[in-house]
Amino acid sequence: MSILIDQGTKVIVQGITGRDGAFHTQGMLEYGTQVVAGVTPGRGGSATHGVPVYDSVAEARAATGAGTSVIYVPAPFAADAVYEAVDAGIKFVVCITEGIPVNDMIEIYGAVERSSSRLLGPNCPGLISPGKAKVGILPGPIHKQGPVGVVSRSGTLTYQVVDYLTRADIGQSTCVGIGGDPIIGTNFLDVLEAFEADPETRAVVLIGEIGGTDEQEAARFIKSSMKTPVVGFIAGRTAPPGKRMGHAGAIISGGGGTAAEKTAALNEVGVPVAKIPSEIPDLVARALKG
Amino acid sequence: MADPDVKAILFNIFGGITRCDDVAKGILTALEQLNVNVPVVVRLTGTNEDIARRLLSQAKGVEAAETMDAAVKAALAHAAGRRG
């Protein structure tokens, strides 16, 4: 098992003929993902890396029955791409695009909430179920199939942590990058809930960062609803208040959202928090032993 | 380089969408165009990392580190003046 995607997942790539879309379509195909269609308005009838291109998501979905889409469309058009996917009945929409205006995201968030679709991102690396499928831009070869779920607000930090885990011979069930924007679709709670329900996932690594209260809410959820052990890491221990640290959502504001607060909240519910990423494999190995 | 308090510069790149050779070229271009007079430590892992390391090995004042922990230690040592 794994969560959200596996070898049976059929994927539509929105923006498949663009530079990034084409590059990462190739990466997903090489990893074994079933990329069954691409969409670029005006380019219907062509093909990219052997994948047929359609003018709209509705056409691509009708032709292939795909239930998942991944968006590599540039920021000015990405909001429309999400709406189009939701309207076409895509159940799982993964938005890689960075730079969607917060105002657009407020509307998208509402539209997704009112639909039966799930949105991952935006501004995220996507997700991977090692050995089965990847949807997004994560580097495939650093992953290894196994019992650990990884959920993170940061792309590169996820790769770093996964690399440590794999080198320590600890494989992953699914790794999910939820994105670093202030408004995102799928959040920590959604992913933790899915990991808790997945019998293959025997431990979870939660990678948070400064800003907001998502990690504190995750801590409450872990206490109330999880039996699977969780190990944490919070980026930004030395971040100065008021300074945005790479992500739009990573800012200590009004004295709130510090790494210390988040670490304390997690520690309180029995979640060990690594001070530096290289400590994570040992904490995970201990969690797996129970 | 406008900040006199900066004693060393650390690049830590784990390439996903990022291609390490692109990053290396960017660093080399910056070093050419700017007067960088503090040590630079670069850690690159991921897509095209071999090409990136080869490119960087030609640059003066650049130390390439294999891991994030090693890169951080090297940058701290440079900042404290313990390495030349």
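Predicted model: local features only at pLDDT ≥ 70, side-chain atom pairs only at ≥ 80, totals over all residues.
**Notes on the A/B model**

1. Thr263(A) touches Ile234(A) and Val273(A), leaving aside residues up to four places away in sequence. Helix H8 of chain A, where Thr263(A) sits, covers residues 259-268. The Thr263(A) side chain also reaches the backbone oxygen of Ala259(A), at 2.7 Å.

2. The scores for the model are ipTM 0.77 and pTM 0.91. For chain B, the average pLDDT is 87, and 94% of the residues score at least 70.

3. Next, Glu209(A), which lies in strand S12 of chain A, residues 203-209. Is Glu209(A) buried or exposed? It counts as buried, because its relative accessibility is 6% and the cut-off for buried is under 20%. The neighbours of Glu209(A), again not counting residues up to four places away in sequence, include Arg153(A), Lys262(A) and His247(A). Glu215(A) and Ser154(A) are also among the residues that Glu209(A) touches, as are Gly180(A), Ile234(A), Ala235(A) and Ala250(A). Note that Ile234(A) turns up here as a contact of Glu209(A) and in point 1 as a contact of Thr263(A).

4. On to the interface. On the chain A side 13 residues are in contact with eight residues of chain B. Together the two chains bury about 980 Å², with 63% of that on carbon and sulfur atoms.

5. Which helices of chain A each supply at least two residues of the side that touches chain B? They are helix H1 (19-31) and helix H5 (155-167). H5(A) gives the most, with five residues. By type, the chain A side that touches chain B divides into eight nonpolar residues, four polar and one charged.

6. Gly121(A) and Pro122(A) are joined by a cis peptide bond, with omega about 10°. Pro122(A) belongs to the loop between strand S7 (118-120) and strand S8 (126-129).

7. There are also positive phi values to check. His49(A), which is not a glycine, has phi near 50°. Its place is the loop between strand S3 (47-48) and strand S4 (51-54) of chain A. With a relative accessible area of 42%, His49(A) is partly exposed.

8. Asp169(A) is another non-glycine residue with positive phi, about 65°. You will find Asp169(A) in the loop between H5 and strand S11 (172-177) of chain A. Asp169(A) counts as exposed because its relative accessibility is 57%, and the cut-off for exposed is over 50%. H5, on one side of that loop, is the helix from point 5 that gives five residues to the side of chain A touching chain B.

Notes. Residues numbered from 1 in each chain as written. Chains lettered and ligands numbered in written order. Heavy atoms only, no water. Contact = heavy atoms within 4.5 Å. Buried area = accessible area lost by both parts, 1.4 Å probe. Helix = DSSP H or I, 4+ residues; strand = E, 2+ residues; numbered from the N terminus. Nonpolar A, V, L, I, M, F, W, Y, C, P; charged D, E, K, R; others polar. pLDDT = per-residue confidence, 0-100. Buried < 20%, exposed > 50% of the residue type's maximum accessible area, 1.4 Å probe, protein only. Polar contact = N/O pair within 3.5 Å; in protein donor to acceptor, adjacent residues only side chain to side chain.
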